[in-house]
Amino acid sequence: MDTQKLIEFKGELESIATYGNETITQKEFKDFFVEFRQFAIKYGIETPEIFKYTGSIIDFRRKMQTYGGYAERRQVLDDTIYGLCEIFDKINLKEKNTERTKVSKFVDRKDIIKKLKEKKEIVTKYGSIKFDSLNIKEGGNSIVIFGELQGEKVATKILIANSKNKINRFLCEFANVVIKLNDLENIATLYFYDTVTIGDDILDIIVMKQYSGTLKFDPNFSEEEIIRIFKQIIDCIEQVHKRGIIHRDLKPQNILLDNQFNIVITDFGIAYYNPDIFEMTGHTMSSERLANFDFAAPEQRNSKEKPKPTMDIYAIGQLVQWMVFGETHKGTHRKKLTEKFDTKRMILLDTIVEKCLDNTPDNRYQSISEIKDEISKYNTHTKMKNISTKEIENNIDVEELKEKLIDVLDNICGTNNENRKFESYNKLDDKQIEEFLERLGENLDKLQFFSDVGMSKFITVNVFDHNTVNKMYYEELNKLYNQIKTKAPKLKSSFIEYVKLAINSNIYELPF
C-alpha cells in the first residue's frame, strides 16, 4: 500500500460517493480495504471514520450521504485521503532509509549525467519527467535538472551519494521542510520524494516546483528593491527559526525568484533541525562541508560549533552587502552601503548589516526579532519626529504627547509583532484610520458595562482579537486625538500616520 494507490483509488471512492457510477466490482472494493487494514495494523495507523463502513459499496455510499451534498462528500474524501498520504509518505521515507543496500558502492557523477543526457527522462512514481533541453546544475552532493511532469515545469534534485548519513540528510530535507514549512509562501514548494533507476544506479530524488531563476546581482538594483528583498528574507527566516530550523546555507543560488522580486528560499540540505522538535535530524558529520565560504559565518568552519540563528543572521548581512555591491565582505574596512545609497533608511540598513557581520556571534543580533526591534525604534523616531516644536500651538507639550501616544499604542497593539493584541486582515489606509479615530468617542460611550474590550469593537475591517485591552487606553487615545484636533491641527496628519503604522502591525518595517 502506497500513496499512489491511495490517490488512484480516491477516484473510485468519489464515484461511489457521488453519482454511483463506480467501475469496480464488490471484490475489488473489499480487497482494497483488506490491504489497507493490514497496512494500518502493521504501522499503527488509526482507521478513518469513513473507512469503518466498507463492508459493501452500498454501505460506503450510505455513509457518505450523511455528510451532505456532493461538494461536502468530496471534501471529506479529500481530507481523509490526503491526510493518509502524508502519513504513508512519512512511513515510506523511514523505510527507504533501511533499503539502501541496493545502491551501488560507488556512484559515478559523470556517468549519471551522461545517461541523463542520453535518455532525457526520469521515470518516477507519478510519471516520467521529460527534459525539453537538458539543463544540469551541479552541487556538492547532488545535481538539479529542469523538465516537465504531467504538463508542469519541475526541478528535480538528484542525490549523487551513497553514504547513509547523506541519504538520511536528504530524506530529512524533504520530510522536515514539507511537515514544518509547507505553509510559508517564501519557502520553495516540494512536490514529492522518490527513488529512481538511472542505468545501474538507484538514486534518491526530490521533485519541486520550478521557479523563474535564482537571485542574481544587478548593478541597477534600486534601494526599494533591496529593501523589499531584505524584508522578505528576514520575515521568512524568522518563521524558519521559530519552527526549530537553522538554514546554514543562505546564498544567492538558494534564493529563487517566484516572479519579478518575490523571493523563495530553497535547499535545506545542510540545515540544522532542533532534535527537541524533529524526530529525523540528519545532522552533518564532523568531517562534512558546513556551507559556502562567501556567505557562511566564520564559526561554521568549525564543525563542533553549536548551530545558532546568528549563523543565518550573518549570511543575511552578506546577502545585503552583495545585493548592493555584487561582492561579499571579508576582513576589515567594509564598504558602506551609503557609498551607493546615501539615504536615511540605508543608513539604518548599513547599521544593521554592520552588526550582522560581526565575526563574534555574541556581538550580532541574536534573533531576527532583534533586527525588527531595531527597525521599530528607528521607525518610531522617524514617524514621530515630524511633530516639531515649531508647530506647537496653544502651548501643547509635544514631547509629552509623543510619550503618551507611544505608550497608548504599545498597550493597544502590542510592543512588537510577537505579542500583537489583534490581527488586521486588511491594512488600513489614512481615511480608515481617521474614521476610526473620529468614531472612537461614540463607540466608547456604547461600552459602559465593559472594562476590557477588543479592537473589533471599534474598527470597520475584519480583525481577530488575540486578547482584550483595558478600555482606558482607548479613552486615552481619544483624548490625545481630540487634543491634537483642537490645539495643534497641523500635527493631525503625523498623528494619523503613526496610528496607522501601529495598527497595521508593520511597525518594524523600514520607513518610506
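Student: Why is phenylalanine 33 called buried?

Tutor: In this predicted model, phenylalanine 33 has a relative accessible area of 1%. Buried means under 20%, so phenylalanine 33 qualifies as buried.

Student: What makes phenylalanine 51 buried?

Tutor: The relative accessible area of phenylalanine 51 is 1%. The cut-off is under 20%, and therefore phenylalanine 51 is buried.

Student: How many aromatic pairs does the structure hold?

Tutor: The structure holds 15 aromatic pairs. In one of them, the ring centres of phenylalanine 33 and phenylalanine 51 are 4.9 Å apart, with the planes at 85°.

Student: Why is the pair of phenylalanine 33 and phenylalanine 51 called edge-to-face?

Tutor: Centres within 6.5 Å count as a pair, and planes over 60 degrees apart count as edge-to-face. The values here are 4.9 Å and 85°, so the pair is edge-to-face.

Student: Which parts of the chain does this pair link?

Tutor: Phenylalanine 33 is in helix 2 (residues 26-43), and phenylalanine 51 is in the loop between helix 2 and helix 3 (57-65). The two are 18 residues apart.

Student: What makes the pair of tyrosine 481 and phenylalanine 495 tilted?

Tutor: Their planes are at 45° and their centres 5.8 Å apart. Planes under 30 degrees apart would be stacked and over 60 edge-to-face, so 45° leaves tilted. Tyrosine 481 lies in helix 13 (residues 471-487) and phenylalanine 495 in helix 14 (residues 492-503). Both residues are buried.

Student: How do you know that the charged end of arginine 420 sits over the ring of phenylalanine 422?

Tutor: The charged end of arginine 420 is 5.4 Å from the ring centre. The distance limit is within 6 Å, with a further limit of within 35 degrees of the ring normal. The distance meets the limit, and the pair is listed as a charge over a ring. Likewise, the charged end of lysine 457 sits over the ring of phenylalanine 450, 5.6 Å from its centre.

Student: Why do strand 10 and strand 11 count as paired?

Tutor: Pairing needs at least two bridges. Strand 10 (residues 255-257) and strand 11 have three bridges in the antiparallel sense, so they pair.

Student: What makes strand 8 and strand 11 the edge strands?

Tutor: The open sheet has the order 8-10-11. Strand 8 (213-214) and strand 11 (263-265) each pair on one side only. Helix 7 (residues 223-242) lies across strand 10 and strand 11, at about 35° to strand 11.

Key: Residues are numbered from 1 along each chain as its sequence is written. This is a predicted model: local features need pLDDT of at least 70, side-chain atom pairs count only at pLDDT 80 or more; totals for chains, interfaces and linings use all residues. Side-chain values use heavy atoms; hydrogens and water are left out. Helices (H or I, at least four residues) and strands (E, at least two) are DSSP runs, numbered from the N terminus. Contact means heavy atoms within 4.5 Å. Axes are lines fitted to C-alpha atoms, for helices over the stretch in contact, and angles run from 0 to 180 degrees between N-to-C directions. Rings of Phe, Tyr and Trp (its six-membered ring) pair if their centres lie within 6.5 Å; planes under 30 degrees apart count as stacked, over 60 as edge-to-face and the rest as tilted. Buried means under 20% relative accessible area, exposed over 50%, partly exposed in between (1.4 Å probe, protein chains only).
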